[in-house]
Amino acid sequence: LSPAFASGTLNYTASVANSVTGVTIAAAKNHAGATMTLKKGSGSAVAWDGTASAQTLDVGANVFTIAVTAEDGTTKKEYTVTVTRAGSGDATLSALTLTGATLSPAFTSDRLNYTASVANSVTGVTIAATKNHAGATMTLKKGGGSAVAWDGAASAQTLSVGENVFTIAVTAENGTTKRSYTVTVTRADDSSSTPTFQSRTLWDSATGVRVTGERIHKSARLSVSSLALHSSDTACNAIRRAQKEGRLIRGFNISLSYGFRGEVTVSIPVGDTYNGQIVNILHCADGGLETINVKVRNGAATFDVTELSPFAVVYGAYVPPPVIEPPKTGGAVIPLGFLLIGLASGCALFIAARHRKS
């Protein structure tokens with residue numbers, strides 16, 4: 001209670017976390033002849049002797065009124081206790097579906113960015129989402145348009161040629177925790193059946209990451225986002241190990257819409273302080289770990305790859321975790337006792353031979 005109870009103070013407050021769903025109220029009247037009632041909010045007052053009473057809490061303010069009537073039947077006093085229960089901080093989705101295209105990667109509530117590609121003949125998709133907590137709210141926005149309130153029901157969306165970015169913003173019940181999920185659906189142009197691949201260099205101005213190749217699709221766009229590691233695989237575990245050891249210099253998820261053929265050269269800025277030093281690239285390649293040692297030149301680590309995905313630049317060479325061999329069993333073992341007996345027998349035979357010779 002705030003403030004601490006005093007019989008002359010009539011109004012009190014308390015605050016609890018969202019996880020607290022109830023409180024217990026008890027009171028003692030000062031005079032035995034007085035009577036009391038207890039009421040929650042605008043509900044009906046019920047006669048009450050002051051014994052412990054369990055009360056459920058709604059999100060927000062819960063006002064409890066304790067009315068005391070003196071023995072004379074006319075003198076009355078009301079005490080109020082306002083308990084405020086915080087709203088949930090859950091701003092996640094439990095489901096996200098795309099009809100007419102395939103989400104990549106598969107949906108998980110902690111992954112925020114998704115992509116999909118469709119042929120030029122596909123002119124629309126349908127988006128649906130489910131919020132994880134009933135008290136959260138959502139909006140849906142396409143590109144630079146206005147966000148509109150949305151309950152997550154299936155929403156048909158038209159597609160323009162190129163990238164169509166849909167943003168689903170989730171606001172938690174507490175009104176402050178927010179999270180945005182994006183789905184980028186790329187609709188191919190009219191020539192997608194015979195795509196043109198050409199020599200191109202793409203540069204991300206926010207991070208300085210550069211991708212160069214001789215056979216990059218003419219409509220490809222470079223996407224660079226914060227490093228998002230999978231739940232468990234060799235490459236991501238190696239990156240987590242480097243993070244834990246404090247050797248991670250920079251890390252990004254790098255992708256090209258429409259894709260490329262052959263090899264591309266990736267350049268990740270790490271700073272001039274690393275010039276001339278050997279750094280190691282940890283690359284999640286088709287679910288496995290690819291390691292590339294490169295020397296930093298002009299403040300960047302530059303290397304060639306045949307596919308794009310999470311990349312981490314770490315200081316020092318990659319050392320795989322040690323493999324502990326199980327103890328070998330089943331081999332020939334000569335007990336110590338038999339060894340000693342053998343030595344003793346050998347000595348006896350030698351002495352006997354010397355004796356016969358003598």
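**Exercise 1: The second largest pocket**

The second largest pocket of this predicted model holds about 640 Å³ of space. Determine which elements give two or more residues to its lining, and which element supplies the largest share.

Solution. 
- Step 1. Strand E2 (22-25), strand E6 (60-69) and strand E7 (76-85) each give two or more residues to the lining of the second largest pocket.
- Step 2. E7 provides the largest share, with five residues.
- Step 3. The lining comprises 26 residues, and those nearest the centre of the pocket are Phe 5, Ala 27, Ala 28, Val 68 and Tyr 79.
- Step 4. Sorted by class, the lining of the second largest pocket contains 16 nonpolar, six polar and four charged residues.

**Exercise 2: The largest pocket**

State the volume of the largest pocket, and identify the element that gives the most to its lining.

Solution. 
- Step 1. The volume of the largest pocket is about 970 Å³.
- Step 2. Its lining is made up of 35 residues, with Ser 104, Asn 113, Thr 115, Ser 223 and Ser 255 closest to the centre.
- Step 3. At least two lining residues come from each of strand E9 (113-118), strand E14 (162-171), E15, strand E18 (222-226) and strand E19 (248-256).
- Step 4. E9 gives the most to this lining, namely five residues.
- Step 5. By class, the lining of the largest pocket has 14 nonpolar, 16 polar and five charged residues.

**Exercise 3: Thr 184**

Decide whether Thr 184 is buried or exposed, and list its contacts beyond the neighbours within four places in sequence.

Solution. 
- Step 1. Thr 184 belongs to strand E15 (residues 178-187).
- Step 2. The relative accessible area of Thr 184 is 16%. The cut-off for a buried residue is under 20%, so Thr 184 is buried.
- Step 3. With neighbours within four places in sequence left aside, Thr 184 is in contact with Tyr 114, Thr 115, Ala 116, Glu 163, Asn 164 and Val 165.

**Exercise 4: Helix H1**

Which residues of helix H1 (residues 234-244) are buried, and what covers them?

Solution. 
- Step 1. The buried residues of H1 are Ala 235, Cys 236, Ala 238, Ile 239 and Ala 242.
- Step 2. These residues lie on the same side of H1, because they cover an arc of only 160° around the axis.
- Step 3. Their cover includes E19, strand E21 (278-285), strand E22 (288-295) and strand E24 (310-315).
- Step 4. After H1 comes Gly 246, which has a positive phi, near 75°.

Key
Residues numbered from 1 in each chain as written. Predicted model: local features only at pLDDT ≥ 70, side-chain atom pairs only at ≥ 80, totals over all residues. Heavy atoms only, no water. Helix = DSSP H or I, 4+ residues; strand = E, 2+ residues; numbered from the N terminus. Buried < 20%, exposed > 50% of the residue type's maximum accessible area, 1.4 Å probe, protein only. Contact = heavy atoms within 4.5 Å. 1 Å grid on protein atoms, 1.4 Å probe; cavity = no way out; pocket = protein on both sides within 12 Å on 5 of 7 lines; lining within 4 Å. Points joined across faces, edges and corners; volume = space filled by probe spheres on them. Nonpolar A, V, L, I, M, F, W, Y, C, P; charged D, E, K, R; others polar. Arc of directions from axis to C-beta.
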